[in-house]
Amino acid sequence: MDFFNYKNGHLHGEGVALKDIADEVGTPFYVYSTATLTRHFEVFSDALRGMNAMVCFAVKANSNQAVLTTLAALGAGADVVSGGELTRALKANIKPHRIVFSGVGKQDDEIEFALNSGIKQINVESEPELDRISAISVRLGKTATVALRVNPDVDAGTHEKITTGRKGNKFGIDWERVPEVYQKATDLPGIHIAGLAMHIGSQLMDLEPYRQAYSRVAELVETLRSRGLTVEVLDAGGGLGVPYGEADEVENPHPEAYTEVVRNTLGHLGTELIFEPGRMIAGNSGVLVTRVIYAKKSTDKTFLIVDAGMNDLIRPTLYGAFHNIITETQPPPGADLINVDIVGPICETGDTFAKDRKFPETKANDLLVVRTAGAYGAVQSSTYNTRALIPEVMVNGDRHCVVRKRMSVEDIIALDRLPDWLSE
Ligand SMILES: *Cc1c(COP(=O)(O)O)cnc(C)c1O
């Protein structure tokens, strides 16, 4: 459910016509809806009622300061995966005791930054990392609170590039090694081991992998406790799928059904629980608005060549992802549909947003709206083909604000330097 709807024949983000934003900032651009972000955060939080739980938004899904500040005001914590994201979360006024730090390759300066910031916990992904944190923590005279990220070896049944909880993935500590590493963490100086963390993948449309992973982890907790080890915190990760609008797609799991699984598998352990949803909060909260440059007819289809490219939204290229795409003007009921490919201007065949879609007749200059682009959209954009990063706009009721301005080509070129021998 989101707040992008047709009113008077034109698509609006809440009370704001997207065509008016297009006139103001040019195309392409992202739009985020405050009401949708708020609703998703609240539906998820409500589903956790009665639990000793904290929601840490996965910043990598959408790290715009306006998005983070909106969520911070609702009480969100943050799951960060870099020093950069930690900086963003702190600047958005997310309290350190609500921040967890995940990721397989944390560097010394990032660990130091995390310890000096007093964050809730570092999720440790390997033994060498545990040793490193211990050494840095001792040097700083601190105690690092950590959780061990375990790899529960389950198949999340999602795209191979976003499955993370199977043996052989780079994430987490091998199942069999966990009790030994947990004991080691208990004994290491400068370390307080709080519990376990897991994150089995992203865009999960089925709850069964969660049930398997959480059940396995619950057994592990019993094993650790039977050895006299203390487990106070379980980080259940993120990964809940959202509907991208493919007609034959299975329905995405409701947060209530998800937390029911959590209650049944982890509830009896009496630990604090941490959740790290990203896509589920931000996905439907954003759209990408783009303009048709040319409508090129070939024998069996029409190519709609739009001004957004894979550098602006890489999900279709990277994951073969489906995004529902609609016209900014509401098509008349029963409008004839034609067969189209919607493609970007970039010199790569992979720069394709949609193939063989049934689409209303569309001409040059029309606006198209790519839905469910609020997560893993702007954050994964690049300047490939020397295309400047596009603006991000936030709407809130009848108000809107450019929350990241359009970069200029000059900005991009200004980062380059000529060596002496070329500039003499
Ligand atoms: C990416 C990631 C998440 C968020 O995943 P979503 O599918 O966006 O919910 C949560 N935790 C960790 C450790 C991640 O890497």
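In which helix is T265 found?

A: T265 is found in helix α9, which covers residues 255-266; helices (H or I, at least four residues) and strands (E, at least two) are DSSP runs, numbered from the N terminus. Before going further, please keep in mind that this is a predicted model, in which local features need pLDDT of at least 70 and side-chain atom pairs count only at pLDDT 80 or more, while totals for chains, interfaces and linings use all residues. Residues are numbered from 1 along each chain as its sequence is written, and side-chain values use heavy atoms, with hydrogens and water left out.

T265 counts as buried because its relative accessibility is 8%, where buried means under 20% relative accessible area, exposed means over 50%, and partly exposed lies in between, with a 1.4 Å probe and protein chains only. The side chain of T265 also makes a polar contact, reaching the backbone oxygen of V261 at 2.7 Å. A polar contact is a pair of N or O atoms within 3.5 Å; within protein, one atom must be able to donate a hydrogen and the other to accept it, and residues adjacent in sequence count only if both atoms are side-chain atoms.

Q203 sits in the loop between β11 (191-197) and α8 (208-226), and it is classed as buried because its relative accessible area is 11%. Its side chain reaches the backbone oxygen of V242 at 2.9 Å. S102 is placed in the loop between β7 (99-101) and α5 (108-117), and with a relative accessible area of 7% it is buried.

The ligand gives another view of the protein. Of the 15 residues around the ligand, K60, S202, E276, R279 and Y376 come nearest, a residue being near if one of its heavy atoms lies within 4 Å. By class, this shell holds 3 nonpolar, 7 polar and 5 charged residues; here Ala, Val, Leu, Ile, Met, Phe, Trp, Tyr, Cys and Pro count as nonpolar, Asp, Glu, Lys and Arg as charged, and the others, Gly among them, as polar. An N or O atom in the side chain of S202 is 2.3 Å from an oxygen atom of the ligand, and one in the side chain of E276 is 2.5 Å from a ligand nitrogen atom. A polar backbone atom of G239 is 2.8 Å from a ligand oxygen atom. The protein covers 94% of the 390 Å² of accessible area that the ligand has on its own, such areas coming from the Shrake-Rupley method with a 1.4 Å probe.

Finally, some backbone details deserve a look. T27 and P28 are joined by a cis peptide bond with omega about -10°, and P28 lies in the loop between α1 (18-25) and β4 (29-33). D356, in strand β18 (residues 352-360), has a positive phi of about 50° although it is not a glycine, and it counts as partly exposed because its relative accessibility is 44%. T386, in the loop between β19 (367-370) and β20 (392-396), is likewise a residue other than glycine with a positive phi, near 45°, and at 43% relative accessibility T386 counts as partly exposed.
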